[in-house]
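Hi there,

Here is the structure I promised to hand over. Have a look at it first, and then read my notes below.

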Amino acid sequence: MSNFISVQYDQHIYTISIDRPNAKNALNIDMYTTLANILIEANNDDSVRAILLTHTTEVFCSGNDMHDFLHMSQGTLNNSDSRQQVERFMVALLNCRKPIVAAVNGAAIGIGTTLLQYCDFVFCSPHTRFQTPFTPLGLCPEFASSIQLEKIIGTRKAKAMLMMGEPMMASEAESLGFVNQVVDRPFNKAQTYVKQLASLPPNAMRNTKALLNASSIEPLLACIELENQLLFDLLAQPEAKEAISAFLEKRAPDFSQF
């Protein structure tokens, strides 16, 4: 279990908190493993009726741990094992039968944005910024965002985010339907919502969510596999090595040689 993920159970609700302040809540491989374990446990426990996903610092999630990416690009971290744990988390979130409510404040970068695609309700603060800088890092979309993000926010904005790394601010996220509502206290709003969800008939809730997701599950799983194959292949390429090194060294990358 990761020390950076906490879970509390109360009144049929799992509250999952990302808590890695020194790394701006970036997700490392151990955290992916822990999140997958928690989601699978919640999914299989009939006493759990709803899930609240939140964080304990000023940043929701700054994306994948860049040091992990660097080690993968250099071959010092096993890419096959890493991919397996990342995909296990993605599949667990995608297949979760229980309603998931997310409370988001501050930055939601990379996986911090794409995981929200599979939360049923998302509330964010006016200061939230969503960004998917995959291409600038020499990578490609992940978590089926190449099809799911377009479905949620439309082709033009999805291309701007996935191809250019253009941010989406809170008000725009609300107008495009990526979040349910922008509020000053997203955790309080999400907590109220998740309590309401947990109070409703659990079997009806699970079946309703299953019906809403039934037509999209298989294409999304296939897309996740394809994207991750491409992403982990790209990690080993010189472009990604340069982009990731430049990010960690706080300098501008130089792609003129490619």
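This is a predicted model: local features need pLDDT of at least 70, side-chain atom pairs count only at pLDDT 80 or more; totals for chains, interfaces and linings use all residues.

A search of the whole structure finds eight salt bridges. By salt bridge I mean a side-chain nitrogen of Lys or Arg within 4 Å of a carboxyl oxygen of Asp or Glu. Residues are numbered from 1 along each chain as its sequence is written, and side-chain values use heavy atoms, with hydrogens and water left out.

Start with D65 and R20, whose side chains meet in a salt bridge at 2.7 Å, N to O. D65 sits in the loop between β3 (50-55) and α2, and R20 in the loop between β2 (13-18) and α1 (29-44), so this pair ties together parts that are 45 residues apart in sequence. (The helices, H or I with at least four residues, and the strands, E with at least two, are DSSP runs numbered from the N terminus.) Are these two residues buried or exposed? D65 counts as buried because its relative accessibility is 5%, and R20 is buried too, at 14%. The cut-offs are: buried is under 20% relative accessible area, exposed is over 50%, and partly exposed is in between, using a 1.4 Å probe and protein chains only.

Next come D46 and R97, with a salt bridge of 3.9 Å, N to O. They link distant parts of the chain, 51 residues apart: D46 is in the loop between α1 and β3, and R97 is in the loop between α3 and β4 (100-104). Here D46 is exposed, with a relative accessible area of 54%, while R97 is partly exposed at 35%.

Then there's E166, which forms a salt bridge with K157, the closest N and O atoms being 2.8 Å apart. E166 is partly exposed at 34% relative accessibility, whereas K157 is buried at 9%. Salt bridges also link K157, E166 and E172 in a network.

Now for some helix packing. Helix α2 (residues 66-74) packs with helix α11 (residues 238-249) at an angle of about 145°, and their axes are 10 Å apart. Those axes are lines fitted to C-alpha atoms, for helices over the stretch in contact, and the angles run from 0 to 180 degrees between N-to-C directions. Which residues make the contact? From α2 you have M66, H67, F69, L70 and S73, and from α11 K241, I244, S245, F247 and L248. In this text, contact means heavy atoms within 4.5 Å.

While you're looking at helices, find R88 in helix α3 (residues 79-94). R88 is partly exposed, at 30% relative accessible area. Leaving aside neighbours within four places in sequence, R88 is in contact with T33, A36, N37 and I40. R88 and T33 are 55 residues apart in sequence, but their C-alpha atoms are 7.5 Å apart in space.

Last, the sheet: three strands form an open one in the order β5-β7-β8, with mixed pairing. β5 (107-109) and β8 (168-169) stand at the edges with a single partner strand each, so one side of each has no neighbour in the sheet. Strand β7 (residues 129-131) pairs with β8 in the antiparallel sense over two bridges; two strands count as paired if DSSP finds at least two bridges between them. R129 has M169 in β8 as its bridge partner.

Happy exploring!
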